[in-house]
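Student: I am new to this structure and would like to learn how to read its features one at a time. Could we begin with the model itself?

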Amino acid sequence: MLKKVTLGHTDLTVSRLCYGTNMLGWMLDRGKSNAILDTFAGLGGNFIDTARSYGDWMPDAPVGASERAVGAWLKMQKRDDFVIATKGGFFDMRVGDYRNRVTPDDVAADLAQSLDHLGIDTIDLYFLHMDNPESPVEPIIDALIAHREAGRIRHFAASNWAAERIRAANAYAASIGKEGFVASETFWGLAVPDAAAAAQQGYQHYYEGEYEDLHAGGLPIVAYAAQSGGYFTKLASGSVGEQLAARYANPANERRFAIVQSLAERHGVSINEIALAYLLSQPNQTIAIFGGSSPEQVRDSAKADALTLTAEEMAALRNA
């Protein structure tokens with residue numbers, strides 16, 4: 001069964017592997033979505049990550065397709081057995097609204113829709129999907145605190161926020177005697193990205209170098225792109241696509257790949273297990289969001305929870 005931990009200083013008990021649902025409800029129909037979530041739950045997983053915007057890039061999918069799929073499945077479960085995380089404040093792709101929507105009014109609208117799509121009264125962990133660097137942190141945090149005190153959310157967190165903005169937000173929350181961001185959903189995996197190519201593809205604020213002090217100070221990291229798009233697995237099979245190569249094909253990852261292959265052979269596990277174990281074996285609390293389009297893929301990724309890399313193995317990967 002997947003191991004569970006208390007997330008930071010919250011009252012949330014979560015599996016260290018979190019299932020990311022961005023494919024549910026549009027790429028995967030209701031039956032396939034339910035089968036995947038049933039498999040994850042059967043393995044002991046209870047942490048599910050979605051977003052108000054997931055699926056909206058498909059014009060013929062229902063608005064909030066991923067949240068709706070999670071919500072439909074959740075109706076057949078005991079609600080308290082699962083920790084549901086979702087995100088708001090992203091672009092509204094359905095209406096072509098690409099202004100910065102991290103404003104109190106827009107977040108309130110997104111949150112209301114998320115609660116409706118999910119069919120629940122309270123969201124356990126609510127992430128801001130992006131930042132609005134042109135806004136001071138105070139009104140953003142005040143709005144989130146108001147939603148928490150109204151019972152719409154239990155805790156709130158940041159996604160794709162710069163480390164210095166998280167510090168500023170939490171300093172303000174502390175100054176008024178309130179809890180601020182309880183975690184950061186951060187771009188992080190074993191493969192080191194090319195910053196320019198990653199940014200062009202929508203990935204920013206890579207963990208290494210930016211978030212390490214925050215993480216060491218006690219802020220949990222919920223790592224997205226935790227499998228690096230399957231880069232090392234695809235490298236082994238010679239199936240790396242152009243977009244993935246632009247993001248990850250570099251000498252650092254060539255060196256890491258050689259070590260990954262050696263570790264996989266040594267432990268008798270898959271390359272994917274090594275990639276996820278790299279995050280789960282970090283010295284500071286790290287949750288890895290993984291994807292999977294079938295129950296078999298979910299079961300394969302879940303094996304990583306049983307593997308702990310040694311300090312020497314971790315150093316070899318980090319310093320390659």
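Student: Which residue takes a positive phi just after helix 1?

Tutor: This is a predicted model, in which local features need pLDDT of at least 70 and side-chain atom pairs count only at pLDDT 80 or more, while totals for chains, interfaces and linings use all residues. Residues are numbered from 1 along each chain as its sequence is written, and side-chain values use heavy atoms, with hydrogens and water left out. Helices are DSSP runs of H or I with at least four residues, and strands are runs of E with at least two, numbered from the N terminus. Just after helix 1, Gly-44 has a positive phi of about 100°.

Student: Which residues of helix 1 are buried?

Tutor: Buried means under 20% relative accessible area, exposed over 50%, and partly exposed in between, with a 1.4 Å probe and protein chains only. In helix 1 the buried residues are Ser-33, Asn-34, Ile-36, Leu-37, Thr-39 and Phe-40.

Student: Why does Pro-133 count as exposed?

Tutor: Pro-133 counts as exposed because its relative accessibility is 61%. Pro-133 sits in the loop between strand 6 (123-128) and helix 4 (137-149).

Student: Which residues does Pro-133 touch, not counting residues up to four places away in sequence?

Tutor: Contact means heavy atoms within 4.5 Å, and, with that exclusion, Pro-133 touches Asn-100 and Arg-165. The C-alpha atoms of Pro-133 and Asn-100 are separated by 9.3 Å, although these residues are 33 residues apart along the chain.
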